[in-house]
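Open your viewer, load the model and keep the sequence panel beside it. We will walk from one selection to the next, and at each stop you can check what is there.

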Amino acid sequence: MLWRVLPLAALAAATNFNWEKVQLERNATDFYADVAFGDASGPNATYAGPKCKVGPSDAAWPTGTEWDRFNATLGGALIKPVPPGAVCYPGEHYNLAKCTYLLTGAGFSRFYLDDPVSTLTAWPEGGSCPVAWNPAGKCTQGGYPAYVVNASTVRHIQLAVNFARNRNLRLVIKNAGHDFGGRNTGAGALSIWTHFLKEFEYIPQYAVGPYRGRVARVSAGIEAWELYNYMGIYNMTMVVPGGDTVGAYGGWTAGGGHNFLSSSYGNGADQVLEFKVVTADGKYRTVTPHQNADLFFAMLGGGGSTYGVLTSAIVKAYPLTPVTNVDLSFSVGSTGFGFGGAGGNFSFPPGNASGFPGFFPPGNASGFPPFLPPGNASGFPPFFPSGNASFPPGNFSLPRNGSFPGFLPGNGTFPGFTPPLTVNSTALFWEGVRQYQYFSPVVLDAGGTLYSNIRTSGPGAFSFTTTIKLVNKNAAESVALLAPLFAKLNALGIAATPAPVQNPDTFTAVARTGVGGSPGNLYFGSRFFPRANWANETIYNATFAAIRGVVEAGYAFHGVEHHAPPAVAGYPGNMTAINPTWRASVMHSDIYDGGFRGMEPAVFWDGHKKLRAVMDILKRATPTGGAYYNEGDVLEPDWQTTFFGSYYGRLVGVKRARDPWGLFWAPTMPGSESWAVVTPDGLPTQDGPLCQTGYKEVDPDETG
């Protein structure tokens, strides 16, 4: 990884990273039509290929010789990937040791993050090659790409864009693999893998428009954990994704991007002052609020994998920002804390957690499928080494419905663990949660953010946990700010006492490693809650009744209470496409289902029908709300307005002008109605050809 500090005067001479200076020259394409540049304003600027993008079974698919030539032009950067699960299936790739590793240690390493085709949400690839001890069926390529360009220069990206456009191939973009909607994978696609673009520059003083302050220039492949480490090196703060291994300035900012600093500094998209991008014509462009301003607007909040491939960005940085955490949890009707359903909050201390030598029970560990093989847990030496177990510091919320006998050593005590309070009635439980959420705008107005979870583990059994993050507040100031909330809770009979932990998100004390992560299977629904729903208790009570109805229907409700209006976002936040509804909201919420990978269609549709039914409860309570597409339902009704609000027509106009070929495509993105993936089972995965629908695009003049 490369990094350096630049003075202000050096910026003009260093407008590109070294790897960005390696670009495709026009004369290099004179005798190779497959990689020639396009002209978005020319008479032939339209898709002229077959109804479906060309796939491996089509006659127009490039021959082996043509792929070899393309690879040679790339300098050997082309990969023909194999699904990682292939090592668990009979055949040429079978390898028991590697399969065992995938099922045991890989999720605690960087294997999936550094794999060219793995995505951290599994269901979009269609269940074609799941990792399993005794897999059923055959391993197929399914929704995984057919080829991957391991990009290390702008030239690589330009070549991939031009080759895909000229040969009518499907094109996808992937970094570390985080996307809940399948926008980073696709059957038969050529994938641009930006994961190893890792260069970084810190610039202590920078001026652009009205902005004066420090900035950083960040390559597209850098993940949040790497930026946290740079924050420690340079004694500064940046707004980055909450998940350590999420790419910082790509799909996250394209969707808007929230963070615990959002109420103080704005959302992710609000941080970007300039970025570089390769557009659908293969050209490399600088994008600012005043240069290629349409792209600046569209690519910050207006849709990912839609307008181009971002290579780097200049983003705001701030003085090192202290954060104080205050945890609160209580439950009713539960049998205890931990995996019995009550949840709870605890923090792992820095360094070794040597009190964990008996963490796994001896003998059979069959309660952990698919993570442990039948037999004992001795196959986990990389997970908990003998003698101690090293954990990074941080917060962890125990999930529900996962009772594992013997899981906790001794009496189940953990250093730093805060067990939830127990209340004596469901009425008291819900009134406590109601008071908390009604109070939350006070925290937002003070620059804080709240992360809450409400869960049920059975009839009459509910748990509530939250972490309140107070920005630029010390312990005493935090207690004073929250005093009215805790007074109300205590008056109700919930004996809660604030226990502030100052600066838990320390950027300097412990270097982060970015280890961990394996494919999950969650399917999301999302909703923004407008501040108008807190206008008075009558409106708020109806809103809260909807939230309660979702949980009582059996779903977990995750709230991220934050508020980043234009005044907080600052320059140039008001020049981006973040949904105006989000700007007016005080909470983004998620509900989710799991287990959709490989389901029979009837089972999926039944589950989705139930998910939509509870989402409709929230929609009726928030008629002026919207949703965060990065954590939204890919089958969201009226997604154009729900995800993009009044900006949708304008975004389609940018898409039409910049990509008349329809090269970039991802589900529920502006202009995506013109294409659809045709899957063999009708499920909304990426396991099928991408075909034209005949949909007539909206006229941008009609919708703003």
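A word you will need throughout is "buried": it means under 20% relative accessible area, while exposed means over 50% and partly exposed is in between, using a 1.4 Å probe and protein chains only. This is a predicted model, in which local features need pLDDT of at least 70, side-chain atom pairs count only at pLDDT 80 or more, and totals for chains, interfaces and linings use all residues. Residues are numbered from 1 along each chain as its sequence is written, and side-chain values use heavy atoms, with hydrogens and water left out.

**The whole chain**

Start with everything in cartoon view. The chain has 16 helices and 25 strands; helices (H or I, at least four residues) and strands (E, at least two) are DSSP runs, numbered from the N terminus. Of its 704 residues, 57% are buried. A contact means heavy atoms within 4.5 Å. Among contacts in the chain with a separation of 6 or more, 76% are between residues 24 or more positions apart.

**Stop 1: the sheet around β5**

Select β5, residues 190-193. Which way do its side chains point? L190 and I192 point one way, S191 and W193 point the other way, and all are buried. In a regular strand the side chains alternate between the two faces of the sheet.

Two strands pair if DSSP finds at least two bridges between them. Strand β3 (residues 147-150) pairs with β5 in the parallel sense over 4 bridges, and V149 stands opposite I192. Strand β4 (residues 171-174) also pairs with β5 in the parallel sense over 4 bridges. Look there for V172, whose bridge partner is S191, and for K174, whose bridge partner is W193.

Zoom out to see the open sheet of 4 strands, in the order β2-β3-β5-β4 and with mixed pairing. β2 (78-79) and β4 are at the edges with a single partner strand each, so one side of each has no neighbour in the sheet. Next, show helix α3 (residues 154-166), which packs on the sheet and touches β3, β4 and β5. The direction of α3 makes about 165° with that of β5; for such angles, axes are lines fitted to C-alpha atoms, for helices over the stretch in contact, and angles run from 0 to 180 degrees between N-to-C directions.

**Stop 2: a buried charged pair**

Side chains of opposite charge can pair when their charged atoms come close. A salt bridge here is a side-chain nitrogen of Lys or Arg within 4 Å of a carboxyl oxygen of Asp or Glu, and the structure holds 22 of them. In the pair E226 and K198, the closest N and O atoms are 3.0 Å apart.

**Stop 3: the nonpolar cores**

Leaving aside neighbours within four places in sequence, L227 is in contact with F200, V218, I222, M238, V240, A248 and Y249. A nonpolar core is a set of buried Ala, Val, Leu, Ile, Met, Phe, Trp, Tyr and Cys residues joined through side-chain atoms within 4.5 Å. In the largest one, of 58 residues, F200, V218, L227, M238, Y249 and F275 touch the most other members. Helix α4 gives the most to this core, with 6 residues. A second, separate core of 50 residues includes L485, V551, V614 and V634.

**Stop 4: R612 and its two partners**

Which residues meet R612 in salt bridges? One is D633, at 3.0 Å from N to O. R612 lies in helix α13 (residues 601-621) and D633 in the loop between α13 and α14 (639-644), so the pair ties together parts that are 21 residues apart in sequence. The other is E636, at 3.2 Å. R612 is buried at 8% relative accessibility, D633 is buried at 0%, and E636 is buried as well.

**Last stop: T679**

Finish at T679, in the loop between β24 (675-677) and β25 (690-692). T679 is buried, at 12% relative accessibility. The side chain of T679 reaches the backbone oxygen of L683 at 2.9 Å. Beyond neighbours within four places in sequence, T679 is in contact with T685 and D687.

Terms used:
A polar contact is a pair of N or O atoms within 3.5 Å; within protein, one must be able to donate a hydrogen and the other to accept it, and residues adjacent in sequence count only if both atoms are side-chain atoms.
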